[in-house]
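Here is a friendly tour of one model, with helix packing and a pocket as its topics. Please keep the structure open while you read.

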Amino acid sequence: MTTTNTPNPTTEDLAEILANPFLKGLVQQIRVNDPYGTYRNWSDELLLKPFILNKQQKRKISVDGDVDPITKGRIMAFYRAVALRIEQESGYLAQVVVDLSHEGFGWVLIFSGRLLLVTRTLRDAQRFGFESLEKLGEEGEKLVQQGVEYAIKFPEVAKA
């Protein structure tokens, strides 16, 4: 079995990755929910680092225990960033609801008015993470575009 090593992004590549509107929104959500200013001087890359987990790191995380509050916070920040980007793109207020059991199972709803913009089932939430910053940004933008499409397609329901 051979493995390929993904090279670390250069400074220029990293700057381009961090320019992704979704990642900017995610960093904004992390900083907004920092009441003591702990992350004030942290770089964006450092704030996003906990969202990056490769397959080996995920395997090391036990799914037998409860979901820790830090992981719950990362899940909330991710989906709040999706809602923020949907608001920016569509102009409709978007809200997030997360229902997560202590075992790591649950769901996420992002809605506007009476319209469900994004629905996601969560499984093994203890292992919530993405393989790279690029994948994190891509997944976030994919959910944003899905939500915006629904908001544009059904504006009367989104306004209700």
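## About the model

This is a predicted model, in which local features need pLDDT of at least 70 and side-chain atom pairs count only at pLDDT 80 or more, while totals for chains, interfaces and linings use all residues. Residues are numbered from 1 along each chain as its sequence is written, and side-chain values use heavy atoms, with hydrogens and water left out.

## Helices around α5

Two packed helices are described by the angle between their axes and the distance between the axes. Here the axes are lines fitted to C-alpha atoms over the stretch in contact, and angles run from 0 to 180 degrees between N-to-C directions. Helices themselves are DSSP runs (H or I, at least four residues), numbered from the N terminus.

Take α2 and α5 to begin with: they pack at about 120 degrees, and their axes are 8 Å apart. That angle makes α2 oblique to α5 (under 35 degrees is roughly parallel, over 145 roughly antiparallel, 65 to 115 roughly perpendicular, and the rest oblique). The α2/α5 crossing is right-handed, meaning that the near helix is turned clockwise from the far one by less than a right angle.

Helix α6 (residues 133-153) also packs with α5, at an angle of about 45 degrees and with 9 Å between the axes. α5 and α6 are therefore oblique to each other, and their crossing is right-handed.

## Ser90 in α5

S90 sits in helix α5. Its side chain reaches the backbone oxygen of I86 at 2.8 Å. A polar atom of the S90 side chain also lies 3.2 Å from the backbone nitrogen of Y92.

## The second largest pocket

The second largest pocket holds about 360 Å³ of space. Of its 16 lining residues, I30, Y39, I70, G73 and R74 are the closest to the centre. (A pocket is an open set of points on a 1 Å grid where a 1.4 Å probe fits, with protein on both sides within 12 Å along at least five of seven lines; lining residues have an atom within 4 Å of a point.)

Which elements give two or more residues to this lining? They are α2 (21-32), α3 (44-48) and α5 (69-90), and the largest share, 7 residues, comes from α5.

Technical notes
Points joined across faces, edges and corners; volume = space filled by probe spheres on them. Polar contact = N/O pair within 3.5 Å; in protein donor to acceptor, adjacent residues only side chain to side chain.
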